[in-house]
Amino acid sequence: MEITLGCFTRPWKDYGVEAAAAGMRAAGFNYFGPMGMSPTRLIDHNSTPEDVAAIERVVKGAGLKFSIMMAICPLTSVEEGVAAVNRQIDYAEQLGTRHVMTGGASNPDQYETYYAIMRESSEYALHKGITIMLKPHGGLSNTTRDTIESWKKVNHQNFKICYDAGNLLYYVGEDPLAHIHEIAPIVSGMCIKDELGGMQGDVMVTPGDGLVDFPAVFGALKDAGCAGPFVVECLSGESLDEINHEAVRARQFLEETFAAVGYTVD
């Protein structure tokens, strides 16, 4: 089974989109995931078409394609949330990515608002060939089973899960393998994130250096038929040179690990 392997911008948040694209390309990644860049999100509902076009030029100029895009979901009202998410879906369509990821909600008073927004925006995205995904991120997606229950609440064919083993360790100290076979059938993508220290530990860790058993995680996802995309969210390192070095290490580790479980990597 062939999968795509990309990298999010988060490790390069202090260095700009040009440095992120160059670092990913030099490390051998072919796919670019828009996420956080100082001082704001790289692309969100407040971005203009001109903002997005400028980022597209940089990324494609570096020879990269777009992978999972992190979307902001305002929870002030269903109407405002749907408008904001749908605008980001339009940007995802423009950039050529087929997956948009959200982080859920942390305030229980806003859970129902989130579910309602996701139902409407999942339908909108369906007609554009784009899948919306929820990642474990505390709150309504605190544990694996919380994440599954939130998926059930949305109850839309185009709403799936973006698996994040590192966040399960970070938010609740949950062993990512404890319930992976329950969630794997509804996983459509993965944020590759390692973690050290258990609950509230450190996630700025290069994959393979922490507590996550990636061979077991990837094996379970492959057995369930998950074809990704897979995108690295975090790396260790602080200076630009250190981050770029860790990107190379991550790519090498992941290629070897995917190959061992039967995935081929683009």
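This is a predicted model: local features need pLDDT of at least 70, side-chain atom pairs count only at pLDDT 80 or more; totals for chains, interfaces and linings use all residues.
Glu233 sits in the loop between strand 12 (230-232) and helix 9 (240-261). Show side chains here, and you will find a polar contact from the side chain of Glu233 to that of Lys193, at 3.3 Å. Now bring up the surroundings: leaving aside residues up to four places away in sequence, Glu233 touches Phe8, Arg10, Pro11, Met35, Lys135, Asp164, Cys191, Ile192 and Lys193.

Next stop, strand 8 (99-102). Which way do its side chains point? His99 and Met101 point one way, Val100 and Thr102 the other, and all are buried. On to the neighbours of this strand. Strand 7 (residues 69-70) pairs with strand 8 in the parallel sense over two bridges, and Met69 stands opposite Val100. Trace the chain from strand 7 through helix 3 to strand 8, and you follow a right-handed β-α-β crossover.

Strand 9 (131-134) comes next. Strand 8 and strand 9 run parallel, joined by four bridges, with Thr102 opposite Leu134. Together with helix 4, these two strands make a right-handed β-α-β unit.

Finish by selecting helix 4, residues 111-126: its 16 residues reach 22 Å from first C-alpha to last, close to the 22 Å expected at 1.5 Å a residue. Colour its buried residues, among them Tyr111, Tyr114, Tyr115, Ile117 and Met118. What covers them? The cover includes helix 3 (78-95), strand 8, strand 9, helix 5 (144-154) and strand 10 (159-163).

Note on methods. Residues are numbered from 1 along each chain as its sequence is written. Side-chain values use heavy atoms; hydrogens and water are left out. A polar contact is a pair of N or O atoms within 3.5 Å; within protein, one must be able to donate a hydrogen and the other to accept it, and residues adjacent in sequence count only if both atoms are side-chain atoms. Contact means heavy atoms within 4.5 Å. The expected span of a helix is 1.5 Å times one less than its number of residues. Buried means under 20% relative accessible area, exposed over 50%, partly exposed in between (1.4 Å probe, protein chains only). Two strands pair if DSSP finds at least two bridges between them. A crossover is right-handed if, with the strands pointing away from the viewer, the path from the first strand over the helix to the second runs clockwise.
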